[in-house]
Amino acid sequence: MQAFDYVAARTVDEAVSLLAAKGAQARVLAGGTDLIVQLREGRRNLELVVDVKKIPDVNVLTYDPQNGLQLGAAVPCHRIYGDATIARAYPGLMDAFQLVGGTQIQGRASVGGNLCNSSPAADTTPTLIAHRATCVIASPTGRREVPVEQFCTGPGRNVLGNGEFLVALRFPAPPKNFGAHYLRFIPRNEMDIAVVGVGSSVVLGDDGATVSAARIALGAVAPTPLLVEEAAAALIGKPISDATIAQAASAAQAAARPISDMRGTIEQRRHLTGVLTRRTLQGAMARARGETLSHA
Amino acid sequence: MPKIHVQTRINGEDIDFLCESRQSLLEVLRDDLGLTGTKEGCSNGNCGACSVLLDGVLVDSCLVLAVETAGREVATIEGLATPSQLHPLQQKFLEHAALQCGICTPGFIMAAKALLAQNPKPTEHEVRYWLAGNLCRCTGYDKIVRAVLDAAAVMEKA
Amino acid sequence: MAEATAEYKVIGTRPIRPDGADKVTGRAVYGGDMRLTGMLHGKVLRSPHAHARIKSINTAKAEALPGVKTVITVKDFPVAEDRMANLGEMAVNVKLLSNNVMAADKVLYKGHAVAAVAATNAHIAEEALGLIEVEYEVLPPVLDVLDAMKDEAPLLHETMTTTELGQKTDKRSNIANHMRFLLGDPAQGFREADVVIEREFDTATVHQGYIEPHNATALWNEDGHLYIWTSTQGAFVVQRQAAEILGLPVSQVSVTPCEIGGGFGGKISVYLEPVAAVLSRKAGRPVKIIMSRIEEFEATGPTPASHIKVKMGAKKDGRLVAAEASLMYEAGAFPGSPVGAGCMCIFSPYAIPNMQVDGYDVVVNKPKTAAYRAPGATNAAFASETVVDELAEKLGMDPLEIRRLNGAKEGDRRVDGPTFPRIGYLETVHAALEHEHYATPLTGPHRGRGVASGFWFNVGFQSTVVINVNADGTVSLVEGSTDIGGTRASIAMQAAETLGIPYEDVRPTVVGTDGIGFTDVTGGSRTTFATGYAAHEAALDVLRQMQERLARRWDGEMEKEFEGQAERATVRITPDDVTYANGVFKCAKDAGKSMTFKEVTAQMARMGGPITGRATSQPRGVGGAFATHIVDVEVDPDTGKVTILRYTAVQDAGRAIHPSYVEGQIQGGVVQGIGWALNEEFVYNDNGNMVNSSFLDYRMPTTLDLPMIETILVEVPNPGHPYGVRGVGEVPIVPPVAALANAIYRATGKRMTQSPMSPGYVLSKLME
């Protein structure tokens, strides 16, 4: 590994000025489960690593039913699903947060870090999109916010500019009759990068059937995670049914732009997009109706 | 680049060391502190052989920079047995023949320790789920899972 | 020889292994844990190209980096001789072995070593690698066995010619060897068959996947003596190979085997030891090298990818009358794939009167293959056991019934010539047929049950054991078999049984080449068998010496008692008059004379001095091993993913010395087979670079991918071993790929002809 300087920043401003001074030669360290691997394999060459874990803002984990969830960008996954109240309020997020690597990875890896690594196959991004998360970014000019579906701009690339880093993610409180579900396809049962990932959410009317809002987000089938408006359109305003779910799945398949690589072929990925859209919508629907899904 | 002085606690003892910022906790444990019980299998977080507890949380030490341990508590396999007795997990691994070559064993035992601290009566599925980040190539896992379940039963009674 | 029904005091029990506490506390010293004063860290520079000529290497910048103590290339090695030497499980060409350790004029696979560095720490060594300048002339790579066999394929070795059916030819080719085994008249057999099935199969390269990377620590001492510490399956193999490559007499090389974190055949041939040695010689300090996981995948010895054709014919009543197979195995960059072993095993579970098996050993631009648990047999069984399954289906027979009808027995002949001694194949089939798993119907959609059998011949080879007797009645047993899976225990148990003393009174230690006589590798399913045999014989040697001493003492007493009397002539005590049972020596000619084992040891000094028993073994009565497996699966029709619901492995274990470790060998081999079947493969791009060289994308099974693995030990004792031992370690990996293929077929209606049967492949078959 190349030698680099290490600084544990104490405040947001300190981190911002350190990052701004070094530009592309510096990077934030939260859980390290992506960054340390990249440094070791020579995929990143940095002069400076800025450890943000001592900054209070990135460790925030608060939830209340009115204001929703404030998730500091460096909070490790195990802390999130280990919080019974938050886990109960956002089962669709927990689906993904419990999948990021194995137990050891979840002891360190953060949702913010997963998002900032900006892999097209990241497990958290589709469900963040399905939950309408907002990214809170610290920059040399103050704070700015970006809807999570706009955060990633390409494989390994995102909207963070010079001196900027992700401080937190904000999630609205789940509205009444909201349900969400994330599934990914992997060849084993754990530890793999998603071949395809889908995060879906629906809001049902009080009749428990008519869809008033929906979000379907795809992972690993395009250079960035995709929010598929057409898939949602196939559901909104109608009672949810196998037929409308099938239409949404077709729309998702049409929107997917997968490649063939060592983890999957175009045909396989397109097919799985349909399968997982269908399955996550069924799961979201069940949760919207107050049911719990059995553990895989 | 001058080395960084790190003060930490390992297996209940105050320890300090000098390290480069690029050295992982795994490297420092093994190469500088002589604590070779924690093993290296892959160095990218995919095999769990380097598992330790950091402030009680199960992590891969190959993915922790040694400098990050300042002011924190590290628990490794060396801290498990007492001078007169093996930990129930260690004992059950032996009774069940849950190790063949033994290279993955320290990682599994630390991972199982973390599991039982959080969930003293896990089901077989919960054990398998928790330990999915630890690879074993010799045993096929059957006897490992049995050893963990048996240790849980013994520790529950105690 | 022991009776099958004899009762034992120690054998068959499940004591704690002697090295147990060391291993569960992390105290045991594996090769990577080695630390010596002044030790440097070495790293190897490896070719980025799959096939290229080395035009120049410039190490000046690397040597100038602060912290770097020395840099070496092939120039620092003796010129390798082109000759064969017996250096391990197989005969080896010294030049090719040496070239694999450090490339000479060509690199033949991505990852092939071209230079090495020793520095004060591993990070500096790594930085130094980046400063070594190598100029390559890149050549087109050959990456597939069928492509490599074509006449127009680029040649890896310009002077290599094909050995055709035992004769060296002039034909320059990537086919190093074409062998053929023939029994009876297959053409006639197929004419007589009522049903014939012919299929082709492809298997991908897989790796042993041991969790501990290769390592070597070397000290080339100022007096010219070379010390090596390494995680190896055979210290003597390392000693001989290193001596050959480095041009040293064997007596100048001392190898200490450290504890080893898995081998499965992949830690026999040397990779790092000679490199560490040369670095140490030039730097004047000890040097330790540890491979990274990427190096493990790119630069060690995986098992061959293969293309296999199988044709089998049967009569209406299910009798197999003819079988043919063509096994084309990728040897990697240098010849020597286990295709011969594959040929020997492929039809061995069956008594077939007419068989022809052709084997092709073919070089390609991939790492040189090495042994992986029953090397060559798993590929072959995938093909043959799938065809047997298809035959059974066509004939309307239960797949275990067709095996019962045709199963090999004592006296049947293998295609490679030998007739079987007492074997236990049919017993495994019967046990499977009668098992509750097989009797339980498998219900539910997308589910299927598959069965398959397998054979591995096991080996005997050479071992030495010394038993030193302690005055308190305990003994120290010295052996040279690295303990990868509990063999300290199984060997000590045999010695304890023979000596008639408790297991706890035998203290086994594994030592290196300076401490024990020649001992072959821990591999080939030979250790409990052959080293155990030597332990038994060494124990008999101890008892014999005790008998001799007691005979002398008691005869001396008789001399005094009968002094001057005529009866003296009739009461001479010879060693034959001293019996031993249940820990007590008795005099056959005088019931009043007896001594316990402990009493004898307490008086050793007064009865002639220390007692050391010793034995070497090279047992001929090796028992082959058979296995029959049953697996239930569920296939997700939307994704092609296979879930294993239940797995039962039946195996003839001869006699299970320590049943827990026999079960462990079976479970471990089964799970490796499952990984091989469902997900493991080396993925290469067109340039010959492996793209999935990490445990992330080389997908071995985790705890969550498996159920418990049930093992059924059928014990048909091997008459060739005093306790009936048959090697057990390898055959478990032979049936699983085929068993899963057959189960997936029953679940989906699609025959699998490719491994791994990963979800993408299964899905593509479902969508056909």
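# Briefing: interfaces in a predicted model

Between domain 2 and domain 3 of chain A, about 2,000 Å² of area is buried, and carbon and sulfur atoms give 61% of that area. In domain 2 of chain A, Pro120(A), Pro126(A) and Ala130(A) supply 24% of the area buried against domain 3, more than any other three residues. This is a predicted model. The size of an interface is often given as the accessible area lost when the parts come together.

**Inside chain A: domain 2 and domain 3**

- The domain assignment divides chain A into domain 1 (5–51), domain 2 (56–171) and domain 3 (178–288).
- The centres of domain 2 and domain 3 of chain A, taken over C-alpha atoms, are 20 Å apart.
- Domain 2 of chain A brings 25 residues to the contact, and domain 3 of chain A brings 26 residues.
- The rule finds 3 salt bridges across this interface of domain 2 and domain 3 of chain A.
- Arg215(A) and Glu149(A) form a salt bridge, with 2.9 Å between the closest N and O atoms.
- There are also 10 residue pairs in polar contact across the interface of these two domains of chain A, both residues being at pLDDT 80 or more.
- On the domain 2 side, at least two residues each come from α5 (91–97), α8 (125–130) and β8 (152–154) of chain A.
- Helix α8(A) gives the largest share of that side, 5 residues.
- By class, the domain 2 side that touches domain 3 of chain A has 11 nonpolar, 10 polar and 4 charged residues.

**Chain B against chain C**

- In this contact, 53 residues of chain B meet 56 residues of chain C.
- The buried area between chain B and chain C is about 4,300 Å², with 58% given by carbon and sulfur atoms.
- On the chain B side, Gln100(B), Arg128(B) and Arg137(B) lose the most area to chain C, and together they make up 20% of what that side buries.
- The rule finds 5 salt bridges between chain B and chain C.
- Lys39(B) forms a salt bridge with Asp33(C), and their closest N and O atoms are 2.7 Å apart.
- Polar contact links 29 residue pairs across the interface of chain B and chain C, with both residues at pLDDT 80 or more.
- Five helices of chain B give two or more residues to the side that touches chain C: α1 (25–32), α2 (88–95), α3 (105–118), α4 (124–130) and α5 (142–157).
- The largest share of that side, 5 residues, is from α2(B).
- The residues of chain B that touch chain C divide into 22 nonpolar, 15 polar and 16 charged.

**Chain A against chain C**

- Chain A gives 19 residues to this contact, and chain C gives 23 residues.
- About 2,000 Å² is buried between chain A and chain C, and carbon and sulfur atoms give 54% of it.
- The count of salt bridges between chain A and chain C is 4.
- Arg263(A) forms a salt bridge with Asp697(C), with the closest N and O atoms 2.6 Å apart.
- Across the interface of chain A and chain C, 13 residue pairs are in polar contact, both at pLDDT 80 or more.
- Helix α11 (residues 266–288) of chain A supplies 6 residues, the largest share of the chain A side.
- That side of chain A has 9 nonpolar, 3 polar and 7 charged residues.

**Backbone features**

- The peptide bond from Ser755(C) to Pro756(C) is cis, and its omega is near 5°.
- Pro756(C) sits in the loop between β31 (754–755) and α20 (759–766) of chain C.
- Ala97(B) is not a glycine, yet its phi is positive, near 55°.
- The loop between α2 and α3 of chain B holds Ala97(B).
- Ala97(B) counts as buried because its relative accessibility is 3%, and the cut-off for buried is under 20%.
- Tyr141(B) is another residue that is not a glycine and has a positive phi, about 75°.
- Tyr141(B) is in the loop between α4 and α5 of chain B.
- The relative accessible area of Tyr141(B) is 0%, so Tyr141(B) is buried.

Definitions and conventions:
Residues numbered from 1 in each chain as written. Chains lettered and ligands numbered in written order. Predicted model: local features only at pLDDT ≥ 70, side-chain atom pairs only at ≥ 80, totals over all residues. Heavy atoms only, no water. Contact = heavy atoms within 4.5 Å. Buried area = accessible area lost by both parts, 1.4 Å probe. Salt bridge = Lys/Arg side-chain N within 4 Å of Asp/Glu carboxyl O. Polar contact = N/O pair within 3.5 Å; in protein donor to acceptor, adjacent residues only side chain to side chain. Helix = DSSP H or I, 4+ residues; strand = E, 2+ residues; numbered from the N terminus. Nonpolar A, V, L, I, M, F, W, Y, C, P; charged D, E, K, R; others polar. Domains from an automatic or database assignment. Buried < 20%, exposed > 50% of the residue type's maximum accessible area, 1.4 Å probe, protein only.
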